[in-house]
Amino acid sequence: MNFLQKLFGKTESVPVNDMPRPAPPVVPPPGLSALMPFGFHVGQLTDIGRQREQNQDSYYTLQSALQSSAGAEPFGVFIVADGMGGYQKGEEASNLAARVAATHILKHIYLPALARQDHDTAQIPINEVLTSAVLQANQAVLEQVPEAGTTLTVAVVIGRYVYLAHV
């Protein structure tokens, strides 16, 4: 509840009858609905939590669209890492892990898809790339911030599919 109160800036409860009605759906301008036909909306928020003095969250997001033989498909990379609170330099570990994973995913999924004439991602081994991204992020943390720890969650959206990796 604290999270929602902080997010919406309200501390008092609102009777159900007095709650605002949902806004009508947003109608995209002509042409944009062809790019994002699946209602691809993203929000970001980070919170320090109740027990820490320092926020050790890091995140990375990329939204795009790829042309394929089936038409324009949404593409997104979403990464969140949270330094482990009991460890020194958790913020450095989370930032490093997010950057290394994002770089690997962009290099091995997004850029190859853009380089293909039809932008088809079917030939890209996405699960293997995500596994490799997590392993590279882990290795970077072990080498550069050996006394630190972090979580790492990665989601890659391609069309109607979501590929996940989590440590």
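The legends below describe an overall view and two close-ups of a predicted model.

**View 1. Overall fold of the protein.** The protein contains four helices and four strands, where helices (H or I, at least four residues) and strands (E, at least two) are DSSP runs numbered from the N terminus. Read from the N terminus, these elements follow the order α-α-β-β-α-α-β-β. Of the 167 residues, 32% count as buried, a term that stands for under 20% relative accessible area with a 1.4 Å probe, protein chains only.

**View 2. The largest nonpolar core.** This core, a set of buried Ala, Val, Leu, Ile, Met, Phe, Trp, Tyr and Cys residues joined through side-chain atoms within 4.5 Å, has 33 residues, of which Phe75, Ile79, Ile105, Ile109, Leu152 and Val154 touch the most other members. At least two core residues come from each of strand E2 (71–82), H3, helix H4 (126–144) and strand E3 (153–158). The most is given by H3, which supplies twelve residues.

**View 3. The surroundings of His104.** His104 is part of helix H3, which spans residues 90–115, and it counts as buried because its relative accessibility is 8%. Leaving aside residues up to four places away in sequence, His104 touches Val129, Ser132, Ala133 and Gln136, contact meaning heavy atoms within 4.5 Å.

Residues are numbered from 1 along each chain as its sequence is written, and side-chain values use heavy atoms, with hydrogens and water left out. Because the model is predicted, local features need pLDDT of at least 70 and side-chain atom pairs count only at pLDDT 80 or more, whereas totals for chains, interfaces and linings use all residues.

Technical notes
Buried means under 20% relative accessible area, exposed over 50%, partly exposed in between (1.4 Å probe, protein chains only).
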